[in-house]
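Please open the model in your viewer and keep the sequence panel beside it, as this tour moves from one selection to the next. At each stop you will read what to select and then what is there.

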Amino acid sequence: MRYAIIRAMPTLKPETPGHRAAAAPGAQPLSLAFCGLPFSSPIVLLSGCVGFGEEYTRIEGFSNRDAGAIVLKGTTGKPRLGNPPHRVYETPAGMLNAIGLQNPGVDHVVHEILPQLDFSETRFIANVCGSTIEEYVEVTRRFDESPIDAVEINISCPNVREGGVAFGNYPDMSAQVIAACRRVTAKPLIAKLSPNQTDIRENARRCIEAGADALAVINTIMGMAIDVRTRRPVIGNVQGGLSGPAIKPIALLKVHQVYEVARPHKVPIIGQGGITSAADALEFLIAGATAVGIGTALFYDPMICKRVNEGIAEYLRGQGLVSVGELVGTLATRSDTLDCAVSG
Ligand SMILES: Cc1cc2nc3c(=O)[nH]c(=O)nc-3n(C[C@H](O)[C@H](O)[C@H](O)COP(=O)(O)O)c2cc1C
């Protein structure tokens, strides 16, 4: 991936130290409990970037054990072939994708893929998609009867009954999907929020009220690219989701905003969007994420987990923190900052 922007790496040693505490011998500073699930690391490998959990295990040196959890590719009721090409396009500091939820359908995932996964290595999370509420419910129910550890609801899918608008862009529709899925599973239920809406906080609030145990913040941001030679859209689907470092500052703000809503309910957040280093991951943790997602960065550095784990552990040691949980939501803000779109 080409990086047009030279990244100013924030220092890993902030001026103000956090709590000073001696680490107990044998303590695992990176481990945490997420909705009651034991995670060995705060890193979550993101849906659509790791196939169905087996993709990177063929690469020498890669281990699923380096991630606290792995989210499988979005799964629908029936198999889907996905969108016509082009389906991905590299942009400065990011990529556009419109894969179109290519997947073999929930039957195949539950009967053929899940039995192949080694659940002793990490936690596996399903990513559920649907074009109707009934489809979301049916796919969630099927995963509820499977060994999967948790279910993430990708509310960014288009609602065919409402003319293709994404469920996740409207708080009412998001809440309806989450409430309906809640009724058919006792497994941890994660609502994956869309950034393509006016107020992500309202959506987060409604999803929590509807029964979400956790929130994933954020999914991709809609964008497009044009081939000036042909004057046609580069992406076959015209629009695609932008991911990678280009979206990191936006994702970080959304996590900060959603944390305000989620914290009183003790609802944890998987912060994601453009993370490529330990410093990025630390920013998300400080903003309020309990776990941090890595997606696009895996495409150019499949070994990124080791690097990020080491960097977080080194930071914790330097700050005298005994566990990563102590860092979550420790952002220091002034009380007189404005909560509106002021820049310049
Ligand atoms: C090629 C590709 C496919 C994706 N497929 C899915 C998907 O099936 N379900 C989903 O919820 N998110 C999907 N995403 C979004 C990612 O899971 C993630 O939320 C987003 O890319 C932001 O993180 P990143 O910048 O680290 O990639 C996909 C992203 C990419 C790049």
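Begin by selecting N127 and E152: E152 is the bridge partner of N127 in strand β8. Strands β7 and β8 (residues 150-154) run parallel and are joined by four bridges, where two strands are said to pair if DSSP finds at least two bridges between them. Strands (E, at least two residues) and helices (H or I, at least four residues) are DSSP runs, numbered from the N terminus. Between these two strands the chain crosses from β7 through α2 to β8, and this β-α-β crossover is right-handed, which means that, with the strands pointing away from the viewer, the path from the first strand over the helix to the second runs clockwise.

Before you go on, note that residues are numbered from 1 along each chain as its sequence is written. Note also that this is a predicted model, in which local features need pLDDT of at least 70 and side-chain atom pairs count only at pLDDT 80 or more, while totals for chains, interfaces and linings use all residues.

Now select the whole of β7, residues 123-128: six of its six residues are buried, so the strand is largely enclosed by the rest of the structure. A residue is called buried if 20 or more other C-beta atoms lie within 10 Å of its own, exposed if 12 or fewer, and partly exposed in between, with C-beta atoms placed from the backbone. R123, I125 and N127 point one way from β7, whereas F124, A126 and V128 point the other way. In a regular strand the side chains alternate between the two faces of the sheet. Strand β7 also runs parallel to β4, to which five bridges join it, and here V128 is the bridge partner of T75.

Helix α4 (residues 200-209) forms a right-handed β-α-β unit together with β11 and β12.

Then select helices α2 (residues 133-144) and α3 (residues 171-182), which pack at an angle of about 35 degrees with their axes 9 Å apart. Which residues make the contact? They are I133, Y136, V137 and T140 of α2 and Q176, V177, A180 and C181 of α3, where two residues are in contact if their C-beta atoms, placed from the backbone, lie within 7 Å.

For the last stop, select the open sheet of four strands, whose order is β5-β6-β16-β13 with antiparallel pairing. Strands β5 (88-91) and β13 (221-223) stand at the edges, each with a single partner strand, so one side of each is left without a neighbour in the sheet. Four bridges join β5 to β6 (residues 94-97), and L96 is the bridge partner of Y89.

Terms used:
Axes are lines fitted to C-alpha atoms, for helices over the stretch in contact, and angles run from 0 to 180 degrees between N-to-C directions.
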